[in-house]
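Open the model in your viewer and keep the sequence panel in view.

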Amino acid sequence: MRIAKNTFGVGDRFGRQAKPQLRACMLAAEQGIEVIPTWNKSHREHLTVGSEPPGVRRAADAAARALRWDKPYYVDADHINLDTVDGYLDSADFFTLDVAYAIGKPAAPAAVDALLGRHPELIGRIEIGGIEQPFETTREGVAAIASRYLFAVQEAGRIYRYIESAKGAENFITEVSMDETDDPQTPAELLVILAAAADEGIPLQTIAPKFTGRFNKGVDYAGDVAQFSKEFANDLAVIACAVERYGLPETLKLSVHSGSDKFSIYAPIREATARFGAGVHVKTAGTNWLEELIGLAEAGGGGLALAKDVYAGAYDAREALCAPYAAVIDIDAAKLPSPAEVRTWSSRQYTAALRHDRANADFNADLRQLLHVGYKIAAKMGARYFGMLAECEESISRNVTENLYRRHIEPLWGARRAPAESE
Ligand SMILES: [Zn+2]
């Protein structure tokens, strides 16, 4: 399976929005933009919601059938490893092998030596087309990189071969993610990683490195956009070089695990991918669940009441909800309105606080992050939540489609340079 050039990860925590999500890609198709949807759901999300991987496949297939979508689409087993992959083998055709936990575990010295022996080109003056300054590496420096990353790449090889033995090599797309770690990989590190991945025989089609800055859930990028742009472009250059040198798939591209809504880096991504003629995979997730809440609140009545109950529940359980996401949220508790205050809000006030429109003075990024990680509260409501989703389907699906198309797809891939703010 060869991955399409531009792919868009659309998480759907409760499995009810595949159709409006796909509609956003259809709107793009009508404008001549090919964006291939990829339904990603991580093991953590499944555990929190109490869902099973085959449900993601069923929802995607049903949406594609209902809307007569005749292009590809993928189902991504997101952030899996050997402990968790089994449940995804039948239903997924895209596997994100998460080996960030293995970074820094030292590889066997003999394996490091073997890598250095196979790849003398990694040592010395490294010139890569698209990177202005050639850089110098030493044998010790490359050995140190290999010690830090080779075990993780070998781990990816083990996971890849396990999936390959179950599914057959031609039947799935392989991504390797190293984003959930502290430091961005340098060009030299990425080059060593890709050389090692080729040696492992991993037909890598997307790789998610760590980028500079904070990718907090559901809110904009917090960091140095110029530095991000430079790292992103350098990574594209290294990938192009590695594809040529090491025979990795020509489709190999970068994957940005955005945590949703990193609007201020969309323009640099767009500019750099155009310059390199490269594709990109941009993964979002919780932005869709927040549109469910916006659609509920917009509908008023029982929908608005439920949206307020979710906030109250999330507010009360905020410490427990935030703990697993501590590295990817920054919530100023002093800026969270009390549940009692939110109870008095109109539909307009609730949606203004939650909808990701930075031009709106009432937008509250702290509330948005809390609700982003608060989906467990809705999951616990069970039938009441699903019943209300069905009742408020019109406003929810409208918001889901519009969010993906106008705030994400147009700025990333649209023909005209759409403003990041679309309200
Ligand atoms: Zn990730």
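A residue is called buried here if 20 or more other C-beta atoms lie within 10 Å of its own C-beta. Bear in mind throughout that this is a predicted model.

**Stop 1: His 79**

Select residues 74-80, which form strand S3, and find His 79 in that strand. Is His 79 buried or exposed? Within 10 Å there are 23 other C-beta atoms, and the cut-off is 20 or more, so His 79 is buried. Next, look at the backbone. The phi of His 79 is positive, about 55°, although the residue is not a glycine.

**Stop 2: Asp 261**

Now go to the loop that runs between strand S9 (253-257) and helix H8 (266-276), and select Asp 261 there. Asp 261 is not a glycine either, and its phi is positive, near 65°. Count the C-beta neighbours inside 10 Å: there are 26, and Asp 261 therefore counts as buried.

**Stop 3: helices H10 and H16**

Two packed helices are described by the angle between their axes and the distance between the axes. Select residues 301-316 for helix H10 and residues 383-391 for helix H16. How far apart are the axes of H10 and H16? The distance is 10 Å, and the two helices pack at an angle of about 140°. An angle over 145 degrees would count as roughly antiparallel, so H10 and H16 are classed as oblique to each other. Their crossing is left-handed.

To see where the helices touch, show the side chains of Gly 302, Gly 303 and Leu 306 on H10, together with Tyr 385, Met 388 and Glu 391 on H16; these residues make the contact. Sorted by class, the contact between H10 and H16 has three nonpolar residues, two polar residues and one charged residue.

**Stop 4: the whole chain**

Clear the selection and colour the chain by secondary structure. The protein chain has 17 helices and 10 strands. Its radius of gyration is 22 Å, close to the 22 Å given by the globule rule for 423 residues, so the chain is as compact as a globular protein of that length. Turn the view to the principal axes: along these, the C-alpha atoms fill a box of roughly 70 × 45 × 40 Å.

If you colour by burial, 49% of the 423 residues count as buried. Finally, consider the contacts in the chain with a separation of 6 or more: residues 24 or more positions apart account for 79% of these.

Methods:
Residues numbered from 1 in each chain as written. Predicted model: local features only at pLDDT ≥ 70, side-chain atom pairs only at ≥ 80, totals over all residues. Axes fitted to C-alpha atoms, helices over the stretch in contact; angles between N-to-C directions. Helix = DSSP H or I, 4+ residues; strand = E, 2+ residues; numbered from the N terminus. Parallel < 35°, antiparallel > 145°, perpendicular 65-115°, else oblique. Left-handed = near helix turned anticlockwise from the far one by under 90°. Contact = placed C-beta atoms within 7 Å. Nonpolar A, V, L, I, M, F, W, Y, C, P; charged D, E, K, R; others polar. Rg over C-alpha atoms; globule rule 2.2 N^0.38 Å. Buried ≥ 20, exposed ≤ 12 C-beta atoms within 10 Å, placed from the backbone.
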